[in-house]
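Reader: I would like to request a close look at a single part of this model. Please treat the matter in one connected account.

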Amino acid sequence: MKMATGVGVGKPDPILAAGILTNEAAVYDDEGDIQRAEALYRRALALYAGITDPALVDDVAREASAVQGNLGLVLSRSGRGDEGIRLLETAIAEDLARRIPGARRLAFVTGGHNLQKTRAPEVAAAILEMVGC
């Protein structure tokens, strides 16, 4: 990951702070303190969301996706499975869209885990567009 440049002494570095919060959250998660882990993952995501430097956006988005996935797992283990699964699925979809040149992410408000069945026309149209038919 690229490091922020031009940060003066005494000035907080949000990338460094978000990384520290993420590592601390992972420790609490491993120890079973899910509430504390959730709070720290959310703080890290808030810091990442505030970073708009064009030179850092791609790296920050990748890191934020990882944190969002971790938060999704924590929420799932805390009894908030629906919210956790949504966060985890979104993190995976956004990460894949970033890694595949020319990809775009389709989002549906409803449809469940079997979109090829529940949203067949929209999925089929997107696939046909993607392959140039």
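What is the volume of the largest pocket, and which residues lie nearest its centre?

Author: The structure is a predicted model, and the values that follow are computed from it. The volume of the largest pocket is about 1100 Å³. Its lining is formed by 29 residues; those nearest the centre of the pocket are A93, R105, L106, A107 and L115.

As to where the lining comes from, two elements each give two or more residues: helix 4, which spans 81-99, and helix 6. Helix 4 supplies the largest share, with 10 residues.

Together with I127, L128 and M130, V131 makes a nonpolar surface patch of about 410 Å².

D59 belongs to helix 3, which runs over residues 57-77. The relative accessible area of D59 is 10%, so this residue is buried, the limit being under 20%. Along the chain, D59 and I15 are 44 residues apart, while their C-alpha atoms are separated by 10.0 Å.

Methods. Residues numbered from 1 in each chain as written. Predicted model: local features only at pLDDT ≥ 70, side-chain atom pairs only at ≥ 80, totals over all residues. Heavy atoms only, no water. Patch = residues over 30% accessible without salt bridge, like charges linked within 9 Å, V, L, I, M, F, W, Y side chains within 5 Å. Areas by Shrake-Rupley, 256 points an atom, 1.4 Å probe, with all protein chains shown as cover. Salt bridge = Lys/Arg side-chain N within 4 Å of Asp/Glu carboxyl O. 1 Å grid on protein atoms, 1.4 Å probe; cavity = no way out; pocket = protein on both sides within 12 Å on 5 of 7 lines; lining within 4 Å. Points joined across faces, edges and corners; volume = space filled by probe spheres on them. Helix = DSSP H or I, 4+ residues; strand = E, 2+ residues; numbered from the N terminus. Buried < 20%, exposed > 50% of the residue type's maximum accessible area, 1.4 Å probe, protein only.
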